[in-house]
Amino acid sequence: MDNNGILGYNVSCIINSIGNCMANRVEIGKKVSVSRKALGYTQQKLSEIAGINKTTISEIENGRFTGSFDIFERLLDAVDLQFDVSQKKYSLPDWDEIENIFSEDE
């Protein structure tokens with residue numbers, strides 16, 4: 001295992017199609033689910049390990065959880081993941097993207 005968790009990544013940053021760093025609940029949930037399954041845990045087993053309701057785990061894995069950071073933190077710890085706060089990264093669009101932004105409708 002490396003510093004980024006059991007599957008070689010943390011949950012801090014998803015690179016979108018134009019190179020910006022972003023994390024969202026759906027992507028975090030997917031990573032939690034993948035890590036849980038890699039560890040051989042069912043949602044029920046993870047619920048018992050983390051002390052979190054099975055329904056809450058399902059909500060997190062499906063990107064619908066809006067609860068506390070404490071619950072996220074306990075769940076991530078149980079599946080060998082972590083939050084990582086980093087400086088926002090920006091990228092400039094290339095010329096084709098600029099042309100598309102400013103092109104007139106034909």
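Author: What follows begins with the chain as a whole and then turns to the salt bridges one by one. This is a predicted model, in which local features need pLDDT of at least 70 and side-chain atom pairs count only at pLDDT 80 or more, while totals for chains, interfaces and linings use all residues. Residues are numbered from 1 along each chain as its sequence is written, and side-chain values use heavy atoms, with hydrogens and water left out.

The protein chain contains 5 helices and 2 strands, where helices (H or I, at least four residues) and strands (E, at least two) are DSSP runs numbered from the N terminus. Along the sequence these elements come in the order β-β-α-α-α-α-α. Of the 106 residues in the protein chain, 30% count as buried, a word that here means under 20% relative accessible area, with exposed meaning over 50% and partly exposed lying in between (1.4 Å probe, protein chains only).

Searching the whole structure turns up 3 salt bridges, each being a side-chain nitrogen of Lys or Arg within 4 Å of a carboxyl oxygen of Asp or Glu.

One of them joins Glu27 to Lys30, with 3.7 Å between the closest N and O atoms. Because these two residues stand 3 positions apart in helix H1 (residues 25-38), about one helical turn separates Glu27 from Lys30. Glu27 counts as partly exposed, at 24% relative accessibility, and Lys30 is likewise partly exposed, at 45%.

Another salt bridge brings together the side chains of Glu61 and Arg36, at 2.6 Å from N to O. This pair links distant parts of the chain, since Glu61 belongs to helix H3 (residues 54-61) and Arg36 to helix H1, 25 residues apart. Here Glu61 counts as buried because its relative accessibility is 10%, and Arg36 counts as buried because its value is 8%.

The remaining salt bridge to describe is formed by Arg74 and Asp70, whose closest N and O atoms lie 3.3 Å apart. Both residues sit in helix H4 (residues 69-78), and as they are 4 residues apart there, about one helical turn separates Arg74 from Asp70. Arg74 is partly exposed, with a relative accessible area of 34%, and Asp70 also counts as partly exposed, at 42% relative accessibility.
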